[in-house]
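Here is a short note for a reader who is new to this structure. Please keep the sequence and the model open while going through the points.

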2 protein chains.
Amino acid sequence: MPPPNLLKEIRNKGLEHSLAEADRLAYSRDCSSASMIRLRGGEVEILPKIIVWPKNNQEVSTLLALANTHQMPVVPYGAGSGVCGGAIPIHKGIVLDLKKMDQILFLDEKNLRVRAQCGILGEILERELNRKGYTLGHFPSSIYTATLGGYLACRSAGQLSTKYGKIEDLFHSMKVVLATGGVVDCSRDKEAWFSELILGSEGTLGVVTEAELHVRPLPEKRKYVGFQFESVAQGLEAIRLFMQKGFRPAVVRLYDPLDSFIFSTHPSREKNNSSFSFIPEKIFSFLGFAKWNSLQMLLLQPSLLNKAIDFALKKSLLILGFEGAAWKLDHELLGVQQICKREGGKSLGEAPGLQWLKRRYSVSYKMSPLVNQGFFVDTMEVASSWTNLAKLYEGVKSAIGQEALVMAHFSHAYHDGCSIYFTFLGHALGKEKTLKQHRRVWDKGMEASLKAGGTISHHHGIGTLKAEAFVQELGPLYAWWKNAKAVLDPQAILNPGKMGL
Amino acid sequence: MPPPNLLKEIRNKGLEHSLAEADRLAYSRDCSSASMIRLRGGEVEILPKIIVWPKNNQEVSTLLALANTHQMPVVPYGAGSGVCGGAIPIHKGIVLDLKKMDQILFLDEKNLRVRAQCGILGEILERELNRKGYTLGHFPSSIYTATLGGYLACRSAGQLSTKYGKIEDLFHSMKVVLATGGVVDCSRDKEAWFSELILGSEGTLGVVTEAELHVRPLPEKRKYVGFQFESVAQGLEAIRLFMQKGFRPAVVRLYDPLDSFIFSTHPSREKNNSSFSFIPEKIFSFLGFAKWNSLQMLLLQPSLLNKAIDFALKKSLLILGFEGAAWKLDHELLGVQQICKREGGKSLGEAPGLQWLKRRYSVSYKMSPLVNQGFFVDTMEVASSWTNLAKLYEGVKSAIGQEALVMAHFSHAYHDGCSIYFTFLGHALGKEKTLKQHRRVWDKGMEASLKAGGTISHHHGIGTLKAEAFVQELGPLYAWWKNAKAVLDPQAILNPGKMGL
């Protein structure tokens, strides 16, 4: 129970709240693999003491001022689809769920901006914009289970980010409630330094309650194409070349050989359309084994398994999606296709892109069936410059590969680099061993990423999962990071224990 | 003289330096109007005690550590073309001139980035890039007299920023020497929050010694066109519409009626090609007076003068410059021309654009002849969203217009707004009165900008000139700004007295 005085004040201020165990349970976890492994193993994470649902900025301010006085931790919460433990109330305290602040405040058609409360779900925001003829252009695979606040808290990237940018590129301004209850507004135009400090801070420095974002008219035209390359390197070179020519497909996804294989053999009409649930089956049929437990045995020797796959599979699938004005799209498509062919790509037509499009949102929150079978599945997204990318890919792949089956795709391309999205599948007996093995994958993967000079996170955030690596990545800047925290949140009530704070 | 101990240590460390009065005089000023008025009035600004020319990062670090120990102010100095007093050593101390750190460290053709020391002049950096087939795409009118460090310190904008972005958009990473002598690296990819704090901080939080920036291949094709609109509002609407359609001309300059008039009657073969030197003559001939002193008399009643001009002149000139790949340029040109015509623009062909191109760099550092005649000339750049722009333009114009002859052009367009660049010409008898009148223009202009919700600076920086308005603009964020300073520069040695610090 929260301290009686605090509870009394929460009641007096008329803040909607719950002390019910069901609610506290529901807010004790996020969608991180470790959280899921624990849950499936029957372990209940640390429960928060109370859930509060503010209805407006004033209530957020009131609650934070109260929490600050009572030195009670506050975990801002959106839709709970984070995968790094960022929204887990590891120090108990108050969960501040923003989902009742879910209004679109205005659509400014003259400046092409939308302002909304941060509890709005991504998909609802996008749908409302579409109705008026606009798009945010932000399509994370978690769009159905992520809020605008979550986007900003983690510096989210959508699947079309190569054209539209990450959420920080779409950002114009926001309202931030500080730990002491003060409310400040900041914008990219006037206070970029403050805005950039808050963006991606995962609720550790302030609670973003409203944000204004750039929108665009809905694209006139869309077009998808696929290419097959002889190797990852060949595909990457094609991407680098068309990006540096100034072409901007919206979707750029280059699958490494195993990921390409899984993608290509994925049944498109499957009812439960999570690719993860197919991985064991597919790998297993690919390797000629007859039962799931054969794969479990293979996963006891992940290095060997990965090597066998490296030996057997070489080809790499590239999916490109274009959207925008017709005149531009046609030229872009032509230019990009020419480069892909020149670099050795074999055109596969529209089919792979349309297949991807159909199940683009099915991955993020549907991996639980696998966990039931004793597997763990997770993803790790790193990024680097073109010169460094092969080294980063090989380094992290081989590090993860010591512990789990690993595949990757390259997406969110830039003119000077790209992100790599690793998916890995491991298996261990029992919850504790599974958690340990899962942690080993992360430790090795993060170490390899730091060694190769990649950034340890591209768009999933830090949370607790990557906190140690984040501190290492910051190096001497960690002192200033801690100081920003000390200044903005002197009692350290905001989401304590996250991002190395 | 600097304290003997400090001087001894500077000598012991082998730092190149000068105590000569000629050097101290040369570094006592920048290109701000107030500085020029004082100089022309025979007043010497406060002299620094010593000039130091570091040759590498280590020497910058050594010097800062020494200054920190001796609590001696340090003013980082580039090429001295700032117009806001940012590089004037108002608290004496050490001027740290970075111009001997002027090397291009590498051109990374695979990632399309260039890394250079911050003392390099903008024009030399651009020329070297051009030789290799690349461009930075950054062309401030001060390109011959501004360093890379100056670009970053003021968040500079080039004349082609509508296509290429401001310097912060071209920024990838940098090396910063802190007040205590520590050296940190930060990048947009990993530590955006720290990078954004340093960018635009005018040497108050650290000294940027190296930076890595995005470059692009030289454009295939260039094309200029001009349009005449019946009013500023008509021209602005055309710009808004083509920007929101996704077109990105590199140059977008909409001159208000007086600026259009001055532009159109500017003799293109003039030897001293500063437009400022023509203003009095042109206005004067326009108004039918015969002598310069008539204009001086008119400037005693600036409100009347501005009103007469508003009454007489209505038409507004738009100059557009396109560059890039041929296929894209042709389409962009066509699309933008269609929109301009539909909105009432009359095509003027290539001539106005080519005329602008010829004297694009001639303004910034050639305004001194006017000052000799007892006039003061200055510029004020503000910015806002489209919805707010007319209000901002009218508000600031009428505020400045109470004290000086005022004209403006709109440039650096964005999809959601634009910058306004006011040029004003005033006259008063004697140095002190001129300084006071000049200050009044600024006070009134800044007040009007704040009132209209514009940002008080788009790309010239803050310095001392706009410090008060900057503090007002920051509002509650000013406390965090001061705190960042206190943490990064505990002895407050870095460029004290600037940016409200």
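**Notes on the model**

1. Start with Arg11(A). Leaving aside neighbours within four places in sequence, Arg11(A) is in contact with His17(A) and Leu19(A). Contact means heavy atoms within 4.5 Å. Arg11(A) sits in helix 1 (residues 4-12) of chain A. Helices (H or I, at least four residues) and strands (E, at least two) are DSSP runs, numbered from the N terminus. The C-alpha atoms of Arg11(A) and Pro490(A) are separated by 25 Å, and the two residues lie 479 apart along the chain.

2. On the basis: this is a predicted model, where local features need pLDDT of at least 70, side-chain atom pairs count only at pLDDT 80 or more, and totals for chains, interfaces and linings use all residues. Residues are numbered from 1 along each chain as its sequence is written, chains are lettered from A and ligands numbered from 1 in the order in which they are written, and side-chain values use heavy atoms, with hydrogens and water left out.

3. Chain A has 21 helices and 18 strands. Its C-alpha trace spans about 65 × 55 × 45 Å along the principal axes. For 501 residues, a compact globule would have a radius of gyration near 23 Å; chain A has 23 Å, which agrees. That radius is taken over C-alpha atoms, and the globule rule is 2.2 Å times the number of residues to the power 0.38.

4. How is chain B related to chain A? The same surface serves both copies: 100% of the contact residues of chain B recur in chain A.

5. The contact takes 51 residues from chain B and 51 residues from chain A. About 4300 Å² is buried between the chains, and carbon and sulfur atoms give 64% of that area. Trp193(B), Trp327(B) and Trp480(B) supply 19% of the area that chain B buries against chain A, more than any other three residues. Buried area is the accessible area (1.4 Å probe) that two parts lose on being put together, summed over both.

6. Now the charges. A search of the whole structure finds 58 salt bridges over all chains, and the count between chain B and chain A is 2. A salt bridge is a side-chain nitrogen of Lys or Arg within 4 Å of a carboxyl oxygen of Asp or Glu.
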